[in-house]
Amino acid sequence: MTTSDPTRELPKSWDPAEHEDRLYQGWVDAGYFTADTTSDRPAFSIVIPPPNVNGSLHMGHAYEHVLMDALARRRRMQGYEVLWLPGMDHAAIAMQTMVERKLAGEGLTRDDLGREAFIERVWTEKAEIGDNIGTQMRRLGDSVDWSRERFTMDDGLSRAVQTVFKQMFDDELIYRAERLVNWSPVLKTAISDIEVSYADVEGELVSFRYGSLDDGQPHIVVATTRLETMLGDTAIAVHPDDERYAHLIGTELEHPFSDRMIPVIADDYVDPEFGSGAVKITPAHDPNDFAIGQRHDLPMPTIMDDEARIADTGTPFDGMDRFEARVKVREALAEQGRIVKEVRPYLHSVGHSERTGEPIEPRLSMQWWVKVDSLAKAAGDAVRNGDTVIHPPSMEPRWFGWVDSMYDWCISRQLWWGHRIPIWYGPDGEVVCVGPDDQAPEGYVQETDVLDTWFSSGLWPFSTMGWPDKTADLEKFYPTSVLVTGYDILFFWVARMMMFGTYVGPQLGEGAEVPFHNLFLHGLVRDEHGRKMSKSKGNGIDPLDWVERFGADALRFTLARGANPGSDISVGEDHAQSSRNFATKLFNATKFAMMNGATLGDLPERSTLTEADRWILDRLATVRADADAGFESYEFSKACEALYHFAWDEVCDWYLELAKVQYAENDAERSRSTSLVLGTVLDSLLRLLHPVMPFVTEALWTALTGKTSVVVAEWPHGADGAAGDAAAARHIDDLQRLITEVRRFRSDQGLKPGQRVAAEIDGLDVAGLAPSRAYLDSLARLERAGDDFSATATIDVRLSATTVTVRIDTSGTVDVAAERKRLTKDLAAAEKELAGTTAKLGNEQFLSKAPDHVVAKIRDRQQVATEEVERLGAALDALSGS
């Protein structure tokens with residue numbers, strides 16, 4: 001038998017701030033989180049979605065980390081060799097922007113420093129802020145292997161980037177071409193789709209005339225919200241079946257500001273029903289126009305420089321900012337008499353850079369691209385074949401919708417911070433891709449662009465484990481067991497990892513075809529009103545603020561309790577307070593149990609246990625199975641709800657109270673059995689809760705059991721409770737119902753909670769509750785009726801097999817006259833409210849004019865009043881005979 005260690009006493013109350021840091025450092029020092037490649041245990045591995053090195057963990061990160069940590073801690077307890085690998089992303093655009101902003105404050109630009117000195121400055125900044133996220137992860141309780149922490153710009157990961165780039169270049173999967181990109185005029189670089197957010201903007205729709213100003217001569221009217229782009233128009237498109245323009249197809253119209261002639265072309269893309277049925281085509285500054293330009297082999301002049309200023313058009317607008325040019329072009333067209341309609345406001349969606357906030361500019365630019373056809377097909381097939389399973393399955397259509405229609409990926413960025421593209425150019429235009437073990441030919445110059453951050457993070461599952469070398473980590477832990485990430489980056493990051501993983505997989509041997517076997521997609525964290533959290537709304541929550549105020553366990557349980565695959569979660573301060581109260585409840589329950597000698601050891605034969613003991617053990621088995629099922633299916637909410645209600649509603653609210661009665665029998669054998677059952681239940685409960693509430697469960701479990709740490713304790717296992725004691729379950733359920741009804745009656749009568757009243761009870765034998773009379777008397781504060789008993793009230797409680805009648809003598813415990821006066825007054829008020837609401841709802845004239853929400857509110861008031869009248873009437877009846 002194992003008993004509580006008297007030297008490991010619990011404090012008077014649970015204050016997370018006093019214990020969490022100490023407990024976490026103890027786990028790290030003990031090496032509990034360090035994975036062993038030589039272990040013969042089955043492997044379980046997760047790589048962390050790397051947060052940006054320049055940032056801090058927001059509530060979305062905390063949510064994700066809690067779920068990953070819960071999975072890792074549970075598998076560790078189940079006997080797996082667990083690797084949860086941490087690391088950070090170099091965040092090329094975000095980090096460079098931050099450093100450039102600091103330089104601007106010093107009156108400098110990156111050009112003042114030069115490329116090499118600027119990169120050194122970024123590394124310095126990284127060293128100063130890089131520990132911030134690690135500190136936050138420790139505060140959350142992340143059980144990551146700190147000895148394997150990685151950074152996407154580490155030498156090893158940079159080697160992996162250079163290796164895979166060269167392999168793909170040699171396989172003709174990487175190429176250079178001039179294509180349309182999202183261009184940031186502030187950053188002066190192409191940016192990815194995920195770095196563009198769309199917002200409705202109030203603009204102007206301007207209709208103007210190409211061709212003759214004489215209605216009898218060839219002309220066409222077109223409309224646009226970006227009038228400045230007409231400087232780069234190379235065609236006017238109409239639908240081939242539009243008879244209005246059939247005579248103009250194949251002709252040319254003069255450009256208003258140059259001597260260029262603009263052809264009129266026919267293309268099915270044009271909607272003849274929209275506007276004038278004709279559209280201007282600017283191939284270098286609009287995605288749809290670019291596609292039309294490719295189909296018709298149109299010229300594609302870029303009319304803006306990298307700062308979005310008009311350039312090289314040979315017009316008076318050269319040198320103007322795009323927004324200034326928009327106004328000046330409209331004024332010039334108006335002077336020519338080409339504005340054919342009054343300019344009108346027009347609400348339209350405009351893409352903005354998430355980093356700098358300015359509208360992005362679609363711009364034709366020479367960039368490096370990945371040819372994705374074969375890679376995307378392999379990523380799709382991996383899910384179709386079941387090599388990677390998506391949770392929830394409802395996300396599969398979204399996955400296939402992206403990978404089955406993916407377009408080539410722009411991987412170059414016009415930045416200095418990042419992985420520089422390993423392409424070198426010779427003096428005569430030669431192009432050489434240089435691998436990590438190669439040297440560029442003498443006299444060659446390296447490409448100035450760097451790679452998109454998603455390129456290096458796409459290699460994350462295997463580059464962090466030492467690829468391209470064949471390492472023990474890859475042998476033991478790759479492919480990873482599960483990827484936990486938000487559905488919002490399913491395409492941008494997950495698809496990249498799947499493409500790279502299926503591409504590199506064959507090099508790693510059989511069984512390494514995919515980077516992860518399971519893909520668990522969680523939703524977004526929203527505020528308590530269901531709104532997306534954002535700085536602009538001011539509704540963001542700092543997870544570390546909640547850790548400070550409520551404790552890490554409260555934050556973690558709040559997030560895990562709301563987590564289901566693919567679903568968003570809404571959280572507010574009330575949820576965190578509730579979770580903090582739950583941690584306190586666990587603490588108080590365990591402390592009570594320890595004070596009463598709760599212990600661990602072999603349980604007595606079931607036949608010697610009370611029905612209360614058998615009931616709680618059977619409930620434990622069922623809840624253990626429910627929690628297992630929830631964790632296995634990534635339905636954290638179901639697991640947490642089952643554990644919460646078992647702990648609070650059944651263990652704390654009922655079994656502890658029943659245990660007090662059993663201890664009060666002063667029977668040594670009964671007390672010993674109760675202590676063993678109580679210890680067994682709490683031991684398993686704390687272990688089951690540990691993955692989501694690691695700190696309080698560590699403090700409680702080690703004190704309860706006297707053992708080293710719950711982190712490395714065995715995960716509870718056993719029967720699922722299906723074959724439990726049905727009679728015991730029925731009797732305890734009936735007992736709870738009976739006690740609850742008596743308590744409700746006492747409350748209605750205004751009896752003090754501790755005040756005992758005499759009672760006579762009929763039907764306990766038939767209900768099978770005769771052996772439970774002691775529980776009933778203790779928990780309902782009843783006394784056995786004496787010879788002079790005279791009932792003043794009767795309570796009939798319908799149970800599973802019969803109706804039990806409880807007759808109570810409240811004489812001498814209640815001021816009957818005063819109670820009747822109070823109840824009569826309250827009843828009159830409730831009847832008045834009921835009459836008023838009923839009259840309004842019966843008034844057809846009122847109902848015909850009142851808004852629906854007002855009528856609904858009155859119906860609610862009527863329902864409440866009806867229930868009050870019934871309750872108060874019953875209470876008055878109960879006083880009869882008093």
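Start with Arg74, Arg75, Asp628 and Glu632: salt bridges link these four in a network. A salt bridge here is a side-chain nitrogen of Lys or Arg within 4 Å of a carboxyl oxygen of Asp or Glu. By this rule the count is 52 salt bridges.

The model is predicted: local features need pLDDT of at least 70, side-chain atom pairs count only at pLDDT 80 or more, and totals for chains, interfaces and linings use all residues. Residues are numbered from 1 along each chain as its sequence is written, and side-chain values use heavy atoms, with hydrogens and water left out.

Next, select Asp69 and Arg73. Their side chains form a salt bridge, 2.8 Å from N to O. Both sit in helix α2 (residues 59-77), four residues apart, about one turn of the helix. Helices are DSSP runs (H or I, at least four residues), numbered from the N terminus. Asp69 is buried at 0% relative accessible area. Arg73 is buried too, at 1%. Buried means under 20% relative accessible area, exposed over 50%, partly exposed in between (1.4 Å probe, protein chains only).

Now jump to Arg614. Which residue does Arg614 form a salt bridge with? The partner is Asp725, with the closest N and O atoms 2.6 Å apart. Arg614 lies in helix α19 (residues 611-632) and Asp725 in the loop between α22 (694-705) and α23 (726-748), so the pair ties together parts 111 residues apart in sequence. Arg614 is buried, at 14%.

Finish at Lys638 and Glu635. Their salt bridge spans 3.2 Å, N to O. Lys638 is exposed at 51%; Glu635 is partly exposed at 24%.

Notes. Helices (H or I, at least four residues) and strands (E, at least two) are DSSP runs, numbered from the N terminus.
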